[in-house]
Amino acid sequence: MTSIPSKEEKMPFSYSNQLSTIIGFAEQQNPESILDIGIGMGQYGFLLRTNLENVNLFEIDGSNARQRSRDQWKVRIDGIEGFAGYITPVHEYSYTNLFIGEALKLLPALGDKIYDLVLAIDILEHFDKEQGVIFLRECRRVCKGSVLVSTPKEFIEQEVLANPLEDHRSHWTEEDLKLCGFDHFLPNPLSLIAIANNKSE
């Protein structure tokens with residue numbers, strides 16, 4: 001049985017049981033460019049870097065192996081984070097570019113359809129509904145491939161004085177997400193994991 005985290009389990013952590021589903025979906029898409037919005041502690045950036053870059057992280061010559069330099073990596077993984085206090089060496093390693101600031105202020109400065117995959121993992125509930133609709137529209141605008149959004153199925157009260165960006169301000173249903181163009185859902189007991197496919201648009 002999967003338990004729902006208590007109100008005390010706060011700050012930049014998502015349900016761990018969605019990790020394999022989301023990374024598996026990313027592997028199927030095989031993107032060359034990714035935008036990860038609300039990166040928190042950077043776990044998705046690290047997993048995306050190792051799982052998608054894969055053997056290209058190392059150069060092997062017979063019995064010798066060495067890490068390739070960053071300019072030889074094939075996948076661009078950019079990240080947006082509103083709280084600079086979360087940034088660690090994991091982020092500096094995993095992400096190609098880090099943008100520090102609020103997503104709704106940074107997204108409009110990005111071009112149209114410049115990412116193959118956009119991830120917004122457990123960030124949607126931190127907006128009120130009106131802001132959330134704008135946020136989802138911006139996610140789709142900057143993406144030429146698939147947008148993946150996850151959000152808890154149940155509303156979990158959360159207020160964090162140390163970082164108000166972590167406060168929970170809204171609850172989203174499948175119908176809400178369908179109205180925003182997210183018409184495919186990946187199975188998960190605790191989270192709605194919704195996909196919008198922009199490839200045909």
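## A walk through the sheet and its cores

Start by selecting E81 and I100: in β5, I100 is the bridge partner of E81. Two strands count as paired here if DSSP finds at least two bridges between them. Helices (H or I, at least four residues) and strands (E, at least two) are DSSP runs, numbered from the N terminus.

Some ground rules before moving on. This is a predicted model, in which local features need pLDDT of at least 70 and side-chain atom pairs count only at pLDDT 80 or more, while totals for chains, interfaces and linings use all residues. Residues are numbered from 1 along each chain as its sequence is written, and side-chain values use heavy atoms, with hydrogens and water left out.

**The sheet.** Now colour the strands. Seven of them make an open sheet with mixed pairing, in the order β5-β4-β1-β6-β7-β9-β8. At the edges sit β5 (97–100) and β8 (184–186), each pairing on one side only. On average, neighbouring strands of this sheet are turned by 20° against each other, direction ignored. Such angles run from 0 to 180 degrees between N-to-C directions, using lines fitted to C-alpha atoms, for helices over the stretch in contact.

Contact means heavy atoms within 4.5 Å. Next pick α5 (residues 129–141), which lies across β1, β6, β7 (143–152) and β9 (191–197) and runs at about 150° to β7.

**Inside.** Which residues touch the most other members of the largest nonpolar core? Show L35, I37, V118, F135, L136, L177 and F182, out of 27 residues in that core. The elements giving two or more residues to this core are β1, β6, α5, β7 and β9. A second, separate core has 20 residues, including L19, F25, L48 and L117. A nonpolar core is a set of buried Ala, Val, Leu, Ile, Met, Phe, Trp, Tyr and Cys residues joined through side-chain atoms within 4.5 Å. Buried means under 20% relative accessible area, exposed over 50%, and partly exposed in between (1.4 Å probe, protein chains only).

Zoom in on L177. Not counting residues up to four places away in sequence, L177 touches L124, L136, T151, W172, F182, F185, L192 and A194.

**S146.** This serine lies in strand β7. Is S146 buried or exposed? At 2% relative accessibility, S146 counts as buried. Leaving aside neighbours within four places in sequence, S146 contacts F25, Q29, D116, L117, V118, I195, A196, N197 and K199.

Select C139 and C143. The structure holds 0 disulfides (pairs of cysteine sulfur atoms within 2.5 Å). C139 is buried at 0% relative accessibility, and C143 is buried with a relative accessible area of 0%.

**A hairpin to finish.** Strands β2 (residues 58–61) and β3 (residues 64–67) pair in the antiparallel sense over 4 bridges, with I60 opposite A65 in β3. The hairpin they form has 2 residues between the strands, and G62 in the turn has a positive phi of about 60°.

Now zoom out. The protein has 6 helices and 9 strands, and 45% of its 201 residues count as buried.
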